Amino acid sequence: MKDFWNEQNNPVKKINKKKLAIIIIILILLIISITLSIIYVKNEQFRDWVDKTILRKEISQENLPSIEIKADDNPTVYAFNQNICILNKNEFKIYNSTGKEEKTLNLQITTPIIDSANRYLAIGENKGKKLYLIADKEIVWEKEINGNISEITVNQNGYVAIAIVDTSYKTVVEIYDEKGNELFKTFVATNRVGDISISNDNKYLAIAEIDTSGTVIKSNIKIISIEDAKTNPDNSEKNSIKGENNDLITNIKYQEKNKLVCMYTDKINVISEDGNVQTISKNENKKMNYMDINLQNSIVTVEEQSSGLFTADSLITITNTDTSTATNYTINAVAKEIYTSGNIIGLNLGTELEFINTSGWLVKRYLGNEEITKITLSNSIAGIVFRDRVEIINL
């Protein structure tokens, strides 16, 4: 009797076959997914097949939207944010990713000098006086400059700095906030300004100065506190880094965490906020074709390596400026040109283009039948500029 009541109070649990089947299917799919992911990473032929047939990363010239242009007008084409912009005869036309015109702005500029970051674009007359800041598709402010503009930079918050020549000083550097208010100006009496950059948090302005007056070239970097310079420009210098003799600096750029990346003709240095200088790339014993620092948190180098008697590959090395870790990507061809923006790297291979990200993965591959001589690139869109049209690639 007792056993009977125990059986009644503790019934045998039945297995839910439907639930078990679902769990088994999920586990099988998970194992398949992990296996395919490992094969995708390790097997180049399988990865190429997946990129082409499943992920549709390979595109051809015939399937792209385009914008018609006239080569005789000598238009300036620029990729900005998610748009392609064309400046021609003082008209700045903005097109979306399908090639549809969305806005026309009137800019009194003939030969532009342009920089962009995030939703902001700063454009000025090269060796001229006009200066504009555009946010999205609208003009935020415009100015007439005393002197002639030689360099221009804008950060992701809309702060703009310009280098001005043909004044009583060798160079004057002026900085404006996102509303067009002049914050301060600083004067470079004798040296030439090679480049300028503003930190992402609006704290610092970096100026690369080049001294060619002596028997050896000297490149120095001056870092100014923007907050201090608003009230006391003469005592606002936070740091000054002197380069070695014959170091010729070509480009500087603030990246994340206020790291100032400095590109010379033969190396790339990173200056931390506390002033520590680290060399993360050097060209010794390498046939380095290209270097670039205009990325969000990385630098990229392209080294030509012999692969046969008459053939060569391109080894693309992407180095994270925060961790100094490097990722390699190899192309079985010699890259003719390199383009960078945000986290995207574009490689011109003649009639083909490869777009990779800073993690070293293919984003898009373009196959054309015409020689490519110029492209323009943002983090979201690319424009291939031909004589009669601009072809649009969404990244």
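Leaving aside its neighbours within four places in sequence, with which residues is Ser150 in contact?

1. Basis of the note. The model is a predicted one, in which local features need pLDDT of at least 70 and side-chain atom pairs count only at pLDDT 80 or more, while totals for chains, interfaces and linings use all residues. Residues are numbered from 1 along each chain as its sequence is written, and side-chain values use heavy atoms, with hydrogens and water left out.

2. Ser150. Leaving aside neighbours within four places in sequence, the contacts of Ser150 are Ile113, Lys127, Ala163, Ile164 and Val165, where contact means heavy atoms within 4.5 Å. Ser150 is found in strand E11; helices (H or I, at least four residues) and strands (E, at least two) are DSSP runs, numbered from the N terminus. Between Ser150 and Ile164 the C-alpha to C-alpha distance is 5.7 Å, although they are 14 residues apart in sequence. Ser150 counts as buried because its relative accessibility is 14%; buried means under 20% relative accessible area, exposed over 50%, and partly exposed in between (1.4 Å probe, protein chains only).

3. Nonpolar cores. A nonpolar core is a set of buried Ala, Val, Leu, Ile, Met, Phe, Trp, Tyr and Cys residues joined through side-chain atoms within 4.5 Å. The largest has 17 residues, and those with the most contacts inside it are Leu131, Leu133, Ile145, Ile152, Val154, Val160 and Ile162. At least two residues of this core come from each of strands E7 (112-117), E8 (120-125), E9 (130-135), E11 (148-154), E12 (160-165) and E13 (171-176). A second, separate core of 16 residues includes Val173, Val188, Leu205 and Ile207. As for Ile152, its contacts beyond four places in sequence include Ile113, Ile114, Leu131, Val160, Ile162 and Ile196.

4. The E7-E10 sheet. Strands of a sheet pair through backbone hydrogen bonds, either parallel or antiparallel. Here, 4 strands form an open sheet in the order E7-E8-E9-E10, with antiparallel pairing; two strands pair if DSSP finds at least two bridges between them. E7 and E10 (138-144) are the edge strands, each pairing on one side only. From one strand to the next, the twist averages 15°, taken from axes that are lines fitted to C-alpha atoms (for helices over the stretch in contact), with angles running from 0 to 180 degrees between N-to-C directions. E9 and E10 are joined antiparallel over 6 bridges, and Tyr132 has Glu142 in E10 as its bridge partner.

5. Strand E20. This strand (residues 260-264) is largely enclosed by the rest of the structure, because 5 of its 5 residues are buried. E20 runs antiparallel to E19 (residues 249-254), to which 5 bridges join it, and Ile252 stands opposite Cys262. The E19-E20 hairpin has 5 residues between the strands, and Lys257 in the turn has a positive phi of about 60°. E20 is also joined to E21 (residues 267-271) by 4 bridges, again antiparallel; Val261 has Val270 as its bridge partner, and the hairpin connects through 2 residues.

6. Pocket and cavity. On a 1 Å grid over the protein atoms alone, a cavity is a set of points where a 1.4 Å probe fits but cannot get out, and a pocket is an open set with protein on both sides within 12 Å along at least five of seven lines; lining residues have an atom within 4 Å of a point. Grid points are joined across faces, edges and corners, and a volume is the space filled by probe spheres set on the points. The largest pocket has a volume of about 1,500 Å³. Its lining comprises 50 residues, of which Asp115, Ser116, Asn294, Thr340 and Ser341 lie nearest its centre. E7 gives the largest share of that lining, 6 residues. The structure holds 1 cavity of 30 Å³ or more, and the largest cavity contains about 70 Å³ of space. Residues lining the largest cavity include Tyr204, Lys238, Tyr254, Leu260 and Glu273.

7. Positive phi in loops. Lys89, in the loop between E4 (83-88) and E5 (91-95), has a phi near 55° and is exposed, with a relative accessible area of 66%. Asn202, in the loop between E15 and E16 (204-211), has a phi near 70° but is buried, with a relative accessible area of 19%.
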